[in-house]
Amino acid sequence: MSFQRVIEWLAQNFQRIEVILPILAGAAVLAFLGIRHVGKRRSSIAVEELGVVEEEAKHPAEKPLEIGDEFSEIRERTLEILRTRGALRPAPIAGKEGGHYPDIVGISLNKVEDFIEDLVKKGLALEGDVEFSAISCPLCGSSSQAALVSCKNCGSFKVHELRYYRHTCGYVGPESSFLSDGELVCPHCKSSEGMELYHKRYYCGDCRKDSEEVNITFKCGSCGSLYDESNMALKQFRRIELSRERLREYEGVNRELAAQLQRLRAEGYVIERPATMVGESGVVHSFDAVAKKGDEVIAIVSSLGKPLTQLLLELGIAKMDLKLSGLIVITGKPSSPTERDFAKSLGIEIIEATRT
Ligand SMILES: [Zn+2]
Ligand SMILES: [Zn+2]
Ligand SMILES: [Zn+2]
């Protein structure tokens, strides 16, 4: 089917449903642009508003996490932690990453961040307050660094500390004036007790000046560049809070998905989960699962984190592009009569997951 025809088909089928026409118009244009772009140049373009239009050459590791993927075990473990504690708390850690979520072990911070982003996108978790910000390199982003003092006057690193002591008799002087055979003795009253550190100054071996303050310069442990307070980058670490309402929805949808897959397996279908399929247009479509038996292909999608109407619209395009024999959408929320009519006109079956 050509794009002209896709758009015509959409127009014919959707005219009846006036309420969704404005959304349709916008999305159809986006879809058209996205599809045309991918089809013509075979390059990657991400039309994010339309989740079905995926970057073609995306590395599998960068793929958004889907139910049943390689992280499903970590996801389940994390959700269990969220369920019992209500939130994930970051903690600072020395090293390149600057911080981590100690409850999620076994994957890198980058993956954890992708994973949390996915939870947030699905509405299962919310980003809470910033718990801390780690200093990081403005060039490479690494939080591995050596913190060095430098002279405020000339920038030299040849800076050392000068300690001043005060004795209970009132005498104040540099450490050198108190040193006598390796011990601290008051040069004023000769007592060896009751000395306290009074203040510190910093002496620069290059410009030979001393001052009360120094600059702090960081040397990046990853790329070696020097930076300071004025140009350092900050990595924010936020608390991640569970959305209990959405978790119940998610669990209901997951249970229903498992039940549907079991039914299809019993009917002799072979299940692929998650699944991606390339349509006639060259667009890659992603589904939670695909069931195949002979020429029959049924795609199964959960509606988490996306308004149902928008999802139906995308799936309507995907269904045509892939010539699917069936498409099942599992929702965690009750659908409206308009949404059900819309799904019917597209040949999509809506299954509402029951909640416990
Ligand atoms: Zn200096
Ligand atoms: Zn004294
Ligand atoms: Zn760096």
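Guide: Two strands pair if DSSP finds at least two bridges between them. Helices (H or I, at least four residues) and strands (E, at least two) are DSSP runs, numbered from the N terminus. This is a predicted model, in which local features need pLDDT of at least 70, side-chain atom pairs count only at pLDDT 80 or more, and totals for chains, interfaces and linings use all residues. Residues are numbered from 1 along each chain as its sequence is written, while chains are lettered from A and ligands numbered from 1 in the order in which they are written.

Visitor: What makes β10 and strand β11 a pair?

Guide: There are two bridges between β10 and β11 (residues 210-211), in the antiparallel sense, and at least two are required. Within this pair, Tyr202 stands opposite Ser211 in β11. The hairpin of β10 and β11 has five residues between the strands, and Arg208 takes a positive phi near 55° there.

Visitor: Which strand pairs with β10 over nine bridges?

Guide: That is strand β6 (residues 159-167), which runs antiparallel to β10 (residues 195-204). Tyr165 has Leu197 of β10 as its bridge partner.

Visitor: Why are β1 and β4 said to stand at the edges?

Guide: An open sheet of three strands has the order β1-β14-β4, with antiparallel pairing. β1 (87-88) and β4 (125-136) each have a single partner strand, so one side of each is left without a neighbour in the sheet. Between β4 and β14 (residues 233-242) there are nine bridges, and Ser133 has Gln236 in β14 as its bridge partner.

Visitor: Why is strand β19 called largely enclosed?

Guide: A residue is buried if 20 or more other C-beta atoms lie within 10 Å of its own, exposed if 12 or fewer, and partly exposed in between, with C-beta atoms placed from the backbone. Five of the seven residues of β19 (residues 296-302) are buried, so the strand is largely enclosed by the rest of the structure. In the protein of 356 residues, 28% count as buried.

Visitor: Which strands pair with β19?

Guide: Strand β18 (residues 289-293) runs antiparallel to β19 and is joined to it by five bridges; Lys293 is partnered by Glu296. Their hairpin has two residues between the strands, and Gly294 takes a positive phi near 60°. Strand β20 (residues 326-331) pairs with β19 in the parallel sense, over five bridges, with Leu327 of β20 as the bridge partner of Ala299.

Visitor: What makes the crossover from β19 to β20 right-handed?

Guide: The term applies if, with the strands pointing away from the viewer, the path from the first strand over the helix to the second runs clockwise. The chain goes from β19 through helix α7 (residues 308-322) to β20, and this β-α-β crossover is right-handed.

Visitor: How do you know that the buried residues of α8 line one face of the helix?

Guide: In α8 (residues 337-346), the buried residues are Glu339, Phe342 and Ala343. Seen down the axis of α8, they fall within an arc of 100°, so they line one face; the arc is that of the directions from the helix axis to the C-beta atoms. Pro337 and Lys344, on the other side of α8, are exposed. The buried residues pack against α7, β20 and β21 (349-352).

Methods. Two residues are in contact if their C-beta atoms, placed from the backbone, lie within 7 Å.
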